[in-house]
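Dear colleague,

I am passing on a structure that you have not worked with before, and my notes follow below it. Please read them with the structure open.

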Amino acid sequence: MSTDRRPKRRGVDTAPTTAAVWATVSGIVAQRTAELARPLRVLDLGGGTGGLAVPLAEAGHQVIVVDPNLDALASLRRRAAEAGLSDTLVSTQGDADDLRAILKARVDLACLHGTLEIVDDPAHTVGRIAEVITPGGHLSVVTAQRFGAVIARALSGQFQSAQTILNHPDGRWGAGDPVRRRFDQSSLEAMLFSAGFNVVLSHGVRLFSDLVPSAAIGSEPDRAALIALEQAIAAHPEFAALGQIGASLHVVARRH
Ligand SMILES: C[S@@+](CC[C@H](N)C(=O)[O-])C[C@H]1O[C@@H](n2cnc3c(N)ncnc32)[C@H](O)[C@@H]1O
């Protein structure tokens, strides 16, 4: 391990917590772009400051971010302007209930990353998204996973709260838990199916990046090796069981 501790700004493709998700999303985007022979129309609901939306717009796609947080949207607009993306990356304040009024046409891909665990009614949110995705279009969901939180609490010696997460209907350790809910793979997949989606890919992510202390990833080679490990587990179906310990769950589904 090297002693280089200089902080580095990471993009979605180089941060250990997002690289595996980005690898999957960018692969799906490339495949669908080739099928349709045109750039995609993308919705990022709860897209915040544009961590995912900016690189998608930079890749030439037409991206709209819908998010209730005005501060996040202001920051996103500054980023988009600085990157010369004001035409391809637009943003609007709103939530799932506003999508039909906001969107002029259906989208080829909707992303819901880090948001389903926050909204008031996840099934309702997924249902509203289904209404604005074109048939055959994709939905990418990244959300907090119950088993990952159980492992993290147990490894830090908090055994009682680990067991509470295991048994709590929303996968929480108590009223003070900052995460409103955590999902199990089967219940999330069932929710998507009920809303009109077929799951095409489902795996845990952030297996180790949330567990290892930052001192253990002090060098670029350490970080690259961690990302490679996370991506190898996310990409390989035989490692799916290992994915259940990931802090997050990444599910990609198609509108039928
Ligand atoms: C944890 S951030 C995730 C941001 C980004 N998607 C990412 O992956 O980095 C959650 C985002 O969801 C937004 N949000 C909160 N409530 C929402 C709702 N009801 N509908 C849509 N977005 C919401 C927040 O404003 C915030 O930008």
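Which side chains meet in a salt bridge at 2.9 Å, N to O? They are those of R180 and D120, a salt bridge being a side-chain nitrogen of Lys or Arg within 4 Å of a carboxyl oxygen of Asp or Glu.

Please keep in mind that this is a predicted model, in which local features need pLDDT of at least 70 and side-chain atom pairs count only at pLDDT 80 or more, while totals for chains, interfaces and linings use all residues. Residues are numbered from 1 along each chain as its sequence is written, and side-chain values use heavy atoms, with hydrogens and water left out.

An automatic or database domain assignment divides the chain into domain 1 (19–144 + 183–240 + 249–255) and domain 2 (146–181). Their contact (heavy atoms within 4.5 Å) takes 10 residues from domain 1 and seven residues from domain 2. Across this interface the rule finds two salt bridges; by class, the side of domain 1 that touches domain 2 has seven nonpolar, no polar and three charged residues, where Ala, Val, Leu, Ile, Met, Phe, Trp, Tyr, Cys and Pro count as nonpolar, Asp, Glu, Lys and Arg as charged, and the others, Gly among them, as polar.

Elsewhere, H250 counts as buried because its relative accessibility is 0%, the limit for buried being under 20% relative accessible area (1.4 Å probe, protein chains only). Among the residues that H250 touches, leaving aside those up to four places away in sequence, are V21, H113, S140 and L201.

Notes:
Buried means under 20% relative accessible area, exposed over 50%, partly exposed in between (1.4 Å probe, protein chains only).
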